[in-house]
Amino acid sequence: MYLDFRTLFIATAAITLVNAIIFTLAWRNAKSLRTIIGYWGLSHVLSGTSMVLLALRGVISDFFSIIIAGACILGSQIATQEGIAQYMEKPGYLRRAAWTVWGFMISSLVLL
């Protein structure tokens, strides 16, 4: 059996997007943790999207497979971090620093 990079990435993206659906269902039912689960669900959506875009490298334009995928990966990490901060009851903890890093990353990718 031969598994290439794209097949593994698409399979991982499918599992990640299924997890995002599970988070969405949990978000609808969990009133007390709604914000936290929302951020974690967003994290999985962004992560799955970035994996699909990376797997399609060479098939779609480089703008989407490099810049948008990179933005989604970093956005996924920011959403996870914000969910953890919400869970620790420290909303906004490092939010400005994370979005500053995201802005620098996007501008550097676009300018290069």
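**View 1. The whole chain.** From the N terminus on, the elements run α-α-α-α. The chain holds four helices and zero strands; helices (H or I, at least four residues) and strands (E, at least two) are DSSP runs, numbered from the N terminus. This is a predicted model, in which local features need pLDDT of at least 70, side-chain atom pairs count only at pLDDT 80 or more, and totals for chains, interfaces and linings use all residues. Residues are numbered from 1 along each chain as its sequence is written, and side-chain values use heavy atoms, with hydrogens and water left out. The C-alpha trace spans about 45 × 40 × 20 Å along its principal axes. Of the 112 residues, 26% are buried (under 20% relative accessible area; exposed is over 50%, partly exposed in between; 1.4 Å probe, protein chains only). Contacts are heavy atoms within 4.5 Å. Among those between residues at least 6 apart in sequence, 62% join residues at least 24 apart.

**View 2. Confidence along the chain.** The mean pLDDT (the predictor's confidence in each residue, from 0 to 100) is 86 for the chain. A score of at least 70 is reached by 98% of the residues.

View 3. Helix α2 covers residues 34-55. Its 22 residues should span 32 Å at 1.5 Å a residue, and the end C-alpha atoms are 31 Å apart, which agrees. The expected span is 1.5 Å times one less than the number of residues. Buried positions in α2 include I36, I37, G41, M51 and L53. The buried residues of α2 pack against α1 (5-29) and α3 (62-87).

**View 4. The α3 and α4 pair.** The axes of α3 and α4 (residues 95-111) come within 10 Å and cross at roughly 175°. Axes are lines fitted to C-alpha atoms, for helices over the stretch in contact, and angles run from 0 to 180 degrees between N-to-C directions. The two helices are therefore roughly antiparallel (over 145 degrees; under 35 is roughly parallel, 65 to 115 roughly perpendicular, the rest oblique). Contact residues include I66, L74 and I78 of α3 and W99, W102 and M105 of α4.

**View 5. The loop between α3 and α4.** G92 lies in this loop. G92 is partly exposed, with a relative accessible area of 29%. Its C-alpha atom is separated by 6.8 Å from that of E82, 10 residues apart along the chain.
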